[in-house]
Amino acid sequence: MFMKKLLEIMLSYYAQSNPVRLHMPGNKGKLTLDGRFDITELPCSGNLLYPNTCIESAQQQTATVYGSKRCRYLVNGSTIGIMGMVAVAVGDILMQRNSHISAYNALRLFDKRAYVLNNIQQSLLGKAITVEQIDKAVRANPSIGTVLLTSPNYMGDCCDIVAISKYCKQANLVLMCDSAHGGHHMFSPLLPESVTPYCDLCVVSVHKDLTSLTQTALMLGNNDRLFDLANYTVGRLTSTSPNYIMLSSIERAVVDAYERPDGYTQLSQSVSRLKSRLENVVRFKPNDDFTRLVIDTTSLNMTGEAVYMELEKRNIFCDVFSPHYVIMLLSVNNTEQDFIALESAIRDIESKCDHDAILPIITLPHVGDIEVVDNLLGETELVPFNESVGRICADNVGIAPPCIPLILAGQVITQHRLDEMKGKPTVNLVNGAIEVVK
Ligand SMILES: Cc1ncc(COP(=O)(O)O)c(C=O)c1O
């Protein structure tokens, strides 16, 4: 057989086309890697599974910068940290409907029960939740012992972490947070408050917003006992050969962000200038974090997908779209040229869009304010995706990105949901089949 380097061909093509990168990772293709740094556990290099020497010191230094007591470097994304957190949750978990698939997967893997607050009425990407919503849920369901927030959400909206952590302390609840999109918040007063000093346990993805390699993340904690337990689980799920180039890219990204807070001042000014130049052309969704640039595509009378594809035709690659939004992830490695290219592309799209077109109305089925996800669904079977309408789903399935399940375990599968998933990259389907209750 004549083998081709298919991935390399694709990656070279993308890199050579000089794309505007408005997607993760935050390094925006500007990392310089040194292959000589790819080593194994040696007496000098320490060991992530049994941290000692430089790894232990690097983790401790990072914890201090994030205002946390403890830190573990992760080479399998926030995903694995979320698994570790859910595994050690105390009592039942209160979580948001827009939680990442890893939280739902961990419920299944570790046989946990969750009350899921329905915060997605307007968009699957979800709204921030409040102390009042948490309090109402906890009073109604006293078995809840852990609150697992997702803050910020994909669109850069944050929960009031100070108020929620105060509430959780008073109510004797464990507070955990998936802050995968908040790894940069510690590094500028222009950004929202970082959750890291306030949680018993939390995770941040370093690769999304800082400048490290994809898959790098941190688990941080202020509760020694829970941190040790979660660390124990993460250690058992992680490769025994964690990559030193990834590990050192975490450290480098954190040091760079710490030493260059002016990068965020410049980025914030570029974003403000762009928004004011496009004031009469397009609407941006207001949010808490200026590094999440969210186009409200209804202002162009187009769907999120259509605008995403039009930008792609103009060599501008965004992170994700939803029915009415396109979301761009910016970092200090984006340049003024990127913003100029984006501005001209949006002007061009606006000049060609059909202002009289009728946009499809998106309705998310209302499923009540709170849903229970547990794994006591009995016997299950796999059925072809197209033949599953009316069956009870036994897993949490959705599309990637954004990896937020469209159908939860225990929900009835509808045609509407199947249509939303058709032709898209799915998570938790098995060879085109979906797991349902027998
Ligand atoms: C809210 C949220 N949590 C967790 C993750 C997983 O993070 P990672 O890619 O670092 O594993 C993502 C990924 O996009 C996410 O959007």
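Here are some questions and answers on the helix packing, the sheets and the ligand shell of this predicted model.

Local features here need pLDDT of at least 70, side-chain atom pairs count only at pLDDT 80 or more, and totals for chains, interfaces and linings use all residues. Residues are numbered from 1 along each chain as its sequence is written.

Q: Why are H10 and H12 called roughly parallel to each other?
A: Helix H10 (residues 262-277) and helix H12 (residues 336-352) pack at about 15°, with axes 11 Å apart. Angles under 35 degrees count as roughly parallel, over 145 as roughly antiparallel, 65 to 115 as roughly perpendicular and the rest as oblique. H10 and H12 are therefore roughly parallel. Axes are lines fitted to C-alpha atoms, for helices over the stretch in contact, and angles run from 0 to 180 degrees between N-to-C directions. Helices (H or I, at least four residues) and strands (E, at least two) are DSSP runs, numbered from the N terminus.

Q: What makes the contact of H10 with H12?
A: Ser270, Leu274 and Arg277 of H10 and Glu336, Phe339, Leu342 and Glu343 of H12. Two residues are in contact if their C-beta atoms, placed from the backbone, lie within 7 Å. The contact residues split into 3 nonpolar, 1 polar and 3 charged.

Q: Why are H3 and H4 called oblique to each other?
A: The axes of H3 and helix H4 (residues 101-109) come within 9 Å and cross at roughly 40°. That puts H3 and H4 in the oblique class, so oblique is the word for them. H3 passes H4 in a right-handed crossing. A crossing is left-handed if the near helix is turned anticlockwise from the far one by less than a right angle, and right-handed if clockwise.

Q: Which residues of H3 and H4 meet?
A: Thr79, Ile82, Met83, Val86 and Ala87 in H3 meet Ser102, Ala103, Ala106 and Leu107 in H4. This contact holds 7 nonpolar and 2 polar residues, with no charged ones.

Q: Is the crossing of H2 and H9 left-handed or right-handed?
A: H2 passes H9 in a left-handed crossing. Ile55, Ala58, Thr62 and Val65 of H2 touch Leu247, Glu251, Val254 and Tyr258 of H9. Sorted by type, that gives 6 nonpolar, 1 polar and 1 charged.

Q: What makes S17 and S18 edge strands?
A: The open sheet runs S17-S16-S18, with antiparallel pairing. Strand S17 (404-407) and strand S18 (426-427) each have a single partner strand, so one side of each lacks a neighbour in the sheet.

Q: How do you know that S16 and S18 pair?
A: Two strands pair if DSSP finds at least two bridges between them. Strand S16 (residues 397-399) and S18 have 2 bridges, in the antiparallel sense, so the pair qualifies. Gly398 has Val427 in S18 as its bridge partner.

Q: What makes S12 and S13 a pair?
A: These antiparallel strands are joined by 3 bridges, and Val320 stands opposite Ile327 in S13.

Q: Which residues come nearest the ligand?
A: Of the 14 residues around the ligand, they are Gly77, Thr79, His100, Ala180 and Ser205. A residue is near a molecule or strand if its C-beta atom, placed from the backbone, lies within 6 Å of it. Helix H3 (residues 77-87) gives the largest share of the shell, 3 residues. The shell divides into 5 nonpolar, 8 polar and 1 charged.

Notes:
Ala, Val, Leu, Ile, Met, Phe, Trp, Tyr, Cys and Pro count as nonpolar, Asp, Glu, Lys and Arg as charged, and the others, Gly among them, as polar.
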